[in-house]
Amino acid sequence: MTERFIHHLRVELPPATERAAEARLRLADKFPRPALRRMTHLGLLIGSVLDGAPLAPEDALVYASSFAETRALEEFLTSFPAASPLWFHASIHPGGAQQVLIGRQQPIARLWPLAGRTRLVEQALLTALLEPAARVAVVGGEERGTWMLERRVASATSFAFAAILTRQPAGAVAHVAFSPDAQSEGVCPTLQDFAQDLASRRTLNWHGIGGAWSLAWL
Amino acid sequence: MNALADQLSVGVEACDCLTPFGSAAATATALLAGRRALAFSPVLGRDGGDLVPLALLGPMDETLPPHWLARLKEMAAAIPPAAWGSARSPVIVTSSNFGVGSFYAFTRDHDPRHLAHGTPFATVDLLRADFDWGENVQVFSHACVTAHLGLAHAARLLHADLADRVLVFSFDFVSPFVAGGFHSLKILNGIMPAPYSVRETGSIGLGDGAAFAVLTRDATPFQLAAHALHNEMFHFTGNRPDGAGFAACAAAIAATTGGRRVWVKGHGTGTLEAGRLEAEVFARQFPSAPLVSWKGSLGHTLGSCGLVELAIAIAALRGSSAGAAGKIPGTVGGAAPSFTDTVALESLSSAEFDGAILTSNAFGGAHAAMLLTHD
């Protein structure tokens, strides 16, 4: 069995109607003012869930998002033929996590940005379990799109979560484990469902990549 | 700064790539001949715009179905058969672009069919269906160090005994989306890139590229012996001016070489500041190691460059069909004076070396390096 313990845990589940400008007002005290102006909705939510999270240069961060920087992508696409340099680099995965870490001037050893959808939560957790760093931040999130949402190529909701995984059980709030070759019932949650599960402290079990996964609350 | 390297050696069972020159062997032969795949092309494809250096497999405008799918099928024919995407034979797809050019095509002609393969997961779903992969397919996207992440993660899966073989599959095709983006950053200019050269104006080129590697725990003639990664988080599009990010990654990978005589395939896009920092740091860390870049010929193949250039390195070491066995291409497009005297403009003989350091860099000050060893 491979296991880690969850310490810092934060989830952002804003109302579906929240826009970036509203999030900027709501979360203003968490960011330096110069950085705040340039942050995207997803970046603001990720910054909020990582607020107070202990990260050091030798740590790692796993970042899961299927749609990633949707609003920046929308803005960049509509900026043609005078393509916007600001929206171009902001649209590139993993911009949502990078804008937070750059704002903090927080180097890290390894950043693992995942961009799939099927079994994304399982893959993010597996990446974290294989990471030798003492602390691994598992971060996920999406931001609600506008015209791309109307075309069903963007998330309908905005959310983010962050969990710091370590090998230390003392003081932990939850336990994540993968047992190769073991059997379990259930299916891997979607990224959005996983955020809800973390917020409501729901116990999870599922089967995937030839083994059993569990999330248990301590 | 602290960046420790993974030393989880894995065998390279199979590895190839596709560039405008063809396979890895054909590409190595072309590089040894000093040929450039880059040519001046309109930055927005059929929508026109400034002429910029692009190395393309064909017109870059998106089609239905996507033009890159047939190219990927062509390359994938060389992948050893297996139950790819099953629990013990995972696939790791790495790319920075995926099918994002399709979103640009949609904004231009409003055909909703383009939207079906614009997101990374939709692009991968298309590949899964075409290549009959199972659902154990992991997708990484970290701009221009993405392929390194896929290779490093594959080594971790193998050493944790969570896989028997891993297929790492990477592709990035230039589209008006990405060419327009780099042009807006004013680093894709109307001049050819000259990696590591001291000149007035820097410029990069962009290129189509795809590659794959099948990795295994078995000993093979070529081993990926170590990986180092580091993320500066100093600026989105710039590095720490003291080169500390390059130094952290270079020191971490240097600690894994164990006295091997190495050459360095650098990132070397043709930008001035990053090129100078890179050349100076590697000259300090590996003073006797020649430094080469191939992006002056192939352009920057973005998230796939790490795997494309790994395939070319292995092909060059194996020897090409032209009989130039063991000749390593020099810095095509480079010209004296260079930032350091370690920059190799001419080809090298591999007989002097038993290892290679292959590096890539990305937005956010991301650094990646791997150690390729061979008998």
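Predicted model: local features only at pLDDT ≥ 70, side-chain atom pairs only at ≥ 80, totals over all residues.
**Contacts along chain A.** Among contacts in chain A with a separation of 6 or more, 73% join residues 24 or more positions apart.

Residues are numbered from 1 along each chain as its sequence is written, chains are lettered from A and ligands numbered from 1 in the order in which they are written, and side-chain values use heavy atoms, with hydrogens and water left out.

**Overall build of chain A.** I found nine helices and eight strands in chain A; these are DSSP runs numbered from the N terminus, helices being H or I of at least four residues and strands E of at least two. The radius of gyration of chain A is 17 Å, close to the 17 Å from the globule rule for 218 residues, so chain A is as compact as a globular protein of that length. That radius is taken over C-alpha atoms, and the rule is 2.2 Å times the number of residues to the power 0.38. I also noted the box that the C-alpha atoms of chain A fill, roughly 55 × 35 × 30 Å along the principal axes. Of the 218 residues in chain A, 62% are buried (buried is under 20% relative accessible area, exposed over 50%, partly exposed in between, with a 1.4 Å probe and protein chains only).

**Where the chains meet.** I then turned to the contact between the chains, which takes 52 residues from chain A and 52 residues from chain B. Together, chain A and chain B bury about 4500 Å², with 70% of it on carbon and sulfur atoms. A:F88, A:W112 and A:L130 supply 14% of the area chain A buries against chain B, more than any other three residues. Buried area here is the accessible area (1.4 Å probe) that two parts lose on being put together, summed over both.

**One arginine in chain B.** I looked up B:R113 and found it in the loop between α3 (101–109) and α4 (120–131) of chain B. B:R113 is exposed, at a relative accessible area of 54%.

**Helix α7 of chain B.** My last stop was α7 (residues 244–254) of chain B, which is mostly covered, with nine of its eleven residues buried. The buried ones include B:F246, B:C249 and B:I253. Among the elements that the buried residues of α7(B) pack against are β10 (222–231) and α8 (272–285) of chain B.

How values were computed: Contact = heavy atoms within 4.5 Å.
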